[in-house]
Amino acid sequence: MFADKYAEQIQTILARYPDKRSAALPVMYLAQKEFGYMSEEAIAEVAAVLDLEATYIRSLAGFYSLFYEEPVGKYVLEICDDLPCALRGAEQFVEMACRKLNVPMGGTTADGLFTVKTVMCLAACDKAPMLQVNLKYEENLDEAKFEELIARLRQEAMGEA
Amino acid sequence: MAHILLRHRDIPDIHQLDVYLANGGYEGLKKALTEYQPDQVIDLVKKANIKGRGGAGFPAGVKWGFIPKAPGPKYVVVNGDESEEGTFKDRELMEYNPHQIIEGALIAAYAIQAQAVYIYFRGEFMVASAPFEQAVRDAYGANLAGRNILGTGFNCEFYVHYGAGAYICGEESALLESLEGKLGQPRLRPPFPAQKGLYQAPTVVNNVETLCNVPPVVVYGADWYLGLSKDTPDSPGPKICCLSGHVNRPGNYEIIMGETTYGQLINAPEYGGGIPGGKALKAILPSGGSGPVVTAAALDAPVTFSGLTPFNSIMGSASIIVLDETVDMVWAAMKITHFFAHESCGKCTPCREGTYWLKQIFHRIWEGHGTEADVKLLEAVANQMTGKCLCALGEFATSPVLSTIKHFPEDYRKRVRKT
């Protein structure tokens with residue numbers, strides 16, 4: 001059970017706030033880590049832990065873009081293509097990334113390893129083109145560095161398997 | 001000159017507590033706690049006229065002074081939700097100079113007698129903020145946070161909280177809603193956070209960079225701070241400028257406000273180093289996506305809170321996006337509009353509907369189906385939004401639209417048919 005498995009972390013989170021509701025986003029992050037995305041099961045578990053309605057947790061999952069409402073790959077590649085990044089070639093970089101991985105924008109590779117998404121400004125405009133892999137910054141990228149990154153992640157995934 | 005905010009560029013490993021302490025770290029907190037009454041700290045910050053670095057420029061001391069003196073729960077909330085297009089200064093401070101943020105926030109907490117500080121980072125910073133979280137643990141370990149800080153009897157907890165991807169949470173009342181575990185939507189004001197903020201308690205919300213100005217002011221005094229900017233009393237102190245887009249050396253540059261012009265920032269070899277390929281400048285977005293665009297006419301304006309007033313624009317958070325002559329301003333305005341349409345929280349109608357329709361019209365024009373009437377329609381929609389939105393996001397969204405139509409009508413004309 002989610003609540004049992006993460007009991008200690010949930011207690012640490014709850015201790016930070018005078019109101020349980022404030023723990024919603026932090027506990028949702030834990031649930032997303034456990035279930036891979038904000039599935040109905042994940043939403044129900046968070047709602048139970050915090051004594052909130054499942055509908056309420058679902059509304060938060062819909063509002064905040066770092067919560068995924070559909071299954072995603074093991075590595076979520078979030079590429080910024082906002083204006084400052086686009087001035088440094090981010091739109092072409094996004095096209096290249098999709099072509100290399102053979103996925104449409106927002107899609108996941110057949111092996112379930114990579115999801116490619118475009119996102120809004122990530123506060124790294126001076127180091128574009130850039131992306132986050134599961135929130136880790138990868139900056140000053142080009143086609144060769146992107147290929148290296150993908151190879152490294154594939155190897156990492158194989159090592160874990 | 002040595003950096004006042006980006007101190008890690010002069011002092012390696014200043015993110016480590018021992019290095020920070022060896023270089024005068026937490027002297028400001030110590031001095032505030034042992035030599036000043038809380039009100040005297042507020043007076044000092046008022047006298048130094050530290051203005052908010054998040055974009056609005058509201059004096060921090062005045063904000064602190066709004067907090068009622070009556071005992072009871074009070075909070076300091078640090079705004080680290082940095083999400084404005086072209087802004088990346090708070091992230092550098094968080095990653096490399098975390099103790100200066102913590103120290104500034106604790107001084108603010110002492111000044112308003114808050115029992116806890118919450119720092120709200122955008123969720124995207126969760127991995128990059130590891131050094132910051134370590135710095136908080138180290139501060140607790142050295143009795144610089146928590147119970148009976150430095151044996152003075154002052155108690156203040158320090159918590160790190162993460163958002164989850166919503167630009168609107170940089171707006172202070174939306175940030176408080178989000179911190180309470182709700183949708184990040186702005187509150188109707190009044191009451192302002194100083195009266196009813198986090199959990200309905202009096203709350204100060206300050207930007208990361210703003211709070212980094214506080215420790216040196218406590219250590220060196222208000223006169224030192226005011227003396228930094230010689231001819232610009234309305235804009236005292238250092239400012240980190242984020243330079244992005246078409247410049248040879250994009251990045252953060254710390255300047256003293258009033259000492260540097262936009263032209264120097266973009267072209268001087270120690271700053272932006274000019275535009276790649278020797279191309280000509282077309283436009284500057286001086287405040288990320290949120291402020292009106294300016295042209296080369298503004299290059300001699302000083303980077304200060306009022307420097308761009310003659311050009312009907314603002315310094316904002318000094319996120320300077322440089323656009324060269326090859327950029328189609330219809331495309332640039334469409335990109336920014338797309339951002340605001342995505343980030344509109346949906347609470348108030350003018351912003352929710354306005355940003356949606358601006359986006360639709362831009363796409364129609366960009367795809368070659370627009371007419372001259374569509375450009376007029378863009379202006380009409382933007383003017384309908386102005387002054388009618390619940391928070392500044394809706395106002396921001398109109399700036400790039402109206403200012404690009406004003407300064408670059410030929411770019412629009414090229415894209416549309418007569419009828």
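**View 1. The contact between chain A and chain B in a predicted model.** Chain A brings 40 residues to the contact and chain B brings 57 residues; contact means heavy atoms within 4.5 Å. Between them the two chains bury about 3,700 Å², with 63% of it on carbon and sulfur atoms. Buried area is the accessible area (1.4 Å probe) that two parts lose on being put together, summed over both. L83(A), L87(A) and M120(A) supply 19% of the area that chain A buries against chain B, more than any other three residues.

**View 2. The fold of chain B.** Chain B holds 17 helices and eight strands. These are DSSP runs: helices are H or I with at least four residues, strands are E with at least two, numbered from the N terminus. The C-alpha trace of chain B spans about 75 × 45 × 35 Å along its principal axes.

**View 3. The interior and surface of chain B.** Of its 419 residues, 63% count as buried, meaning under 20% relative accessible area (1.4 Å probe, protein chains only). Chain B exposes about 15,100 Å², and carbon and sulfur atoms supply 54% of it. Such areas come from the Shrake-Rupley method with a 1.4 Å probe; for residues, only the protein chains shown count as cover.

**Notes.** Residues are numbered from 1 along each chain as its sequence is written, while chains are lettered from A and ligands numbered from 1 in the order in which they are written. In this predicted model local features need pLDDT of at least 70, side-chain atom pairs count only at pLDDT 80 or more, and totals for chains, interfaces and linings use all residues; side-chain values use heavy atoms, with hydrogens and water left out.

Key:
Buried < 20%, exposed > 50% of the residue type's maximum accessible area, 1.4 Å probe, protein only.
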